[in-house]
Amino acid sequence: MNQTIERAKEILTRYDGPHCRIMEVCGTHTHEIFRQGIRRILPRQIELISGPGCPVCVTPVGYIDEAIWLALEKGATVCTFGDLVRVPGTEASLQTARGEGAAVKVVYTPLDAERYAAEHPDEEVVFLSVGFETTTPSACLAVRKAQQDGIRNFSLLTANKTMPGAYEAMKDSTDLFLYPGHVHAITGTGICEKLAEEGVSGVCAGFTASELLTALAVAVTRYQEGKPFFVNCYPRVVRPDGSPKAQSLVAAMMEPCDEEWRGIGIIPDSGMKLKESCQMYDARTRFQVPEMAGRANPACRCGQVLKGELLPTQCRVFGKACTPEHPVGACMVSSEGACSAWYLYGQNL
Amino acid sequence: MCVGLSAKVVSVKDDVAIVDASGARRKVSAALLSDLEPGDFVMVHAGTAIAKITDDDEDETGALLDLL
């Protein structure tokens, strides 16, 4: 084992400072911390809680209903990241809608959906555009490519979200944030520094064992000092100004809008939608999608899990009615969901 | 969908790069990065290279702990 990991482990295992709640904003952090066994070495005073940073998990039920409506009522070919296929809508998932004739294709990138549209001019192709600041530029690249190629049968059903509003909504639920490294590779660290000035602490973290242990060791050491702080613990990827190219691409094509987060509700200006100049690529405008409120299964506690209020194991249906094979809520479906992580690794705690 | 993948750039043409991630090669968009060259390391997310990176996390994590 390398020297850095040993040093960081020693800081963490010997920590005897005040109780410290750390919110893993990013779902991949939740999974990697479990997978690498990091939870098992932490003392009781360091408590890790899940946050709202799994894009599939925070996508509201009504969005799945909209996607199914587009596939079944409008005959659109729905292209999506694989994680969304089994997320329950009000009455069905995209997977069960396939059985009723819905055309649902899994793609690796929005650009694959645009290419599919170019190759199938007789189909209306809708890409399910979910994700945070990290994924939104790829969706904009796909629309820009469609514009350049003169493709007119391609559109986005947007549910893109931005993190600053979620940080504001969650800041009283935690002592400090483990910020999602790849979001800040795009946005830069300005928002984290601003939050530190307002008294909200956090560290930007990478995903390897060395990066996660170092970020946690830095976080608890600085927390013990008692002053608000921000430390970028992932400088090989995150630069202070982020990716100016990605920022200007998104700003040219999209604009902020109020957005619903599953379990949290509507957060003002926390979503991104296509600007009027790109509206022919907006599926809601193109197909006049009716408003769909969506109803989650009342037994599901994903909302409280996403706010760090409840451990997945405290949900009544966890591991019983709700399993990765038969998910009741989105947090059990997604490979980045907190319930999925607890189901896979929680028994080893 | 939200998982980043570090990869080594094999070739770049226009806005498209061929990258090698632990032996697996695939085509990704390089439209968000300038001056990308074969041999560079990048972080790939949803089929797009989002940042140039260094290939090793050890130096910087060691340096961060030195500051404590």
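A: A residue counts as buried under 20% relative accessible area, as exposed over 50%, and as partly exposed in between. The model discussed here is predicted.

Q: Is A:Glu10 buried, exposed or partly exposed?

A: A:Glu10 has a relative accessibility of 41%, so A:Glu10 is partly exposed. Its salt-bridge partner is A:Arg14, with 3.3 Å from N to O. A:Arg14 reaches 61% and therefore counts as exposed.

Q: Why do such side chains pair at all?

A: Opposite charges can pair when the charged atoms come close. Another case in chain A is A:Asp112 with A:Arg115, whose side chains meet at 3.0 Å, N to O.

Q: How far apart are A:Asp112 and A:Arg115 in helix H6 of chain A?

A: Residues three or four places apart in an α-helix point the same way, because a turn takes 3.6 residues. A:Asp112 and A:Arg115 are 3 residues apart in helix H6 of chain A, so about one helical turn separates them. A:Asp112 has a relative accessible area of 19% and is therefore buried, whereas A:Arg115, at 42%, is partly exposed.

Q: How many residues of H6(A) are buried?

A: The helix is mostly covered, with 7 of its 10 residues buried. Among them are A:Pro110, A:Leu111, A:Tyr116 and A:Ala117.

Q: How many salt bridges does the structure hold, and how many cross the interface of chain A and chain B?

A: Over all chains there are 16 salt bridges. Between chain A and chain B the rule finds 1. That pair is A:Arg7 and B:Asp66, at 2.8 Å from N to O. It runs from helix H1 of chain A to helix H1 (residues 58-66) of chain B. A:Arg7 is partly exposed at 31%, and B:Asp66 is exposed at 54%.

Q: How much area do chain A and chain B bury between them?

A: The two chains bury about 3200 Å², of which 62% lies on carbon and sulfur atoms. On the chain A side, A:Tyr108, A:Arg236 and A:Lys245 lose the most area to chain B, together 22% of what that side buries. The contact draws 46 residues from chain A and 33 residues from chain B.

Q: Which elements of chain A supply the side that touches chain B?

A: The count of residue pairs in polar contact between the chains is 8. Elements that each supply at least two residues of the chain A side include helix H1 (3-13), helix H6 (110-119), strand E5 (125-131) and helix H12 (244-253). H11(A) gives the most, with 6 residues. By type, the residues on that side of chain A are 22 nonpolar, 15 polar and 9 charged.

Key:
Residues numbered from 1 in each chain as written. Chains lettered and ligands numbered in written order. Predicted model: local features only at pLDDT ≥ 70, side-chain atom pairs only at ≥ 80, totals over all residues. Heavy atoms only, no water. Contact = heavy atoms within 4.5 Å. Buried area = accessible area lost by both parts, 1.4 Å probe. Salt bridge = Lys/Arg side-chain N within 4 Å of Asp/Glu carboxyl O. Polar contact = N/O pair within 3.5 Å; in protein donor to acceptor, adjacent residues only side chain to side chain. Helix = DSSP H or I, 4+ residues; strand = E, 2+ residues; numbered from the N terminus. Nonpolar A, V, L, I, M, F, W, Y, C, P; charged D, E, K, R; others polar. Buried < 20%, exposed > 50% of the residue type's maximum accessible area, 1.4 Å probe, protein only.
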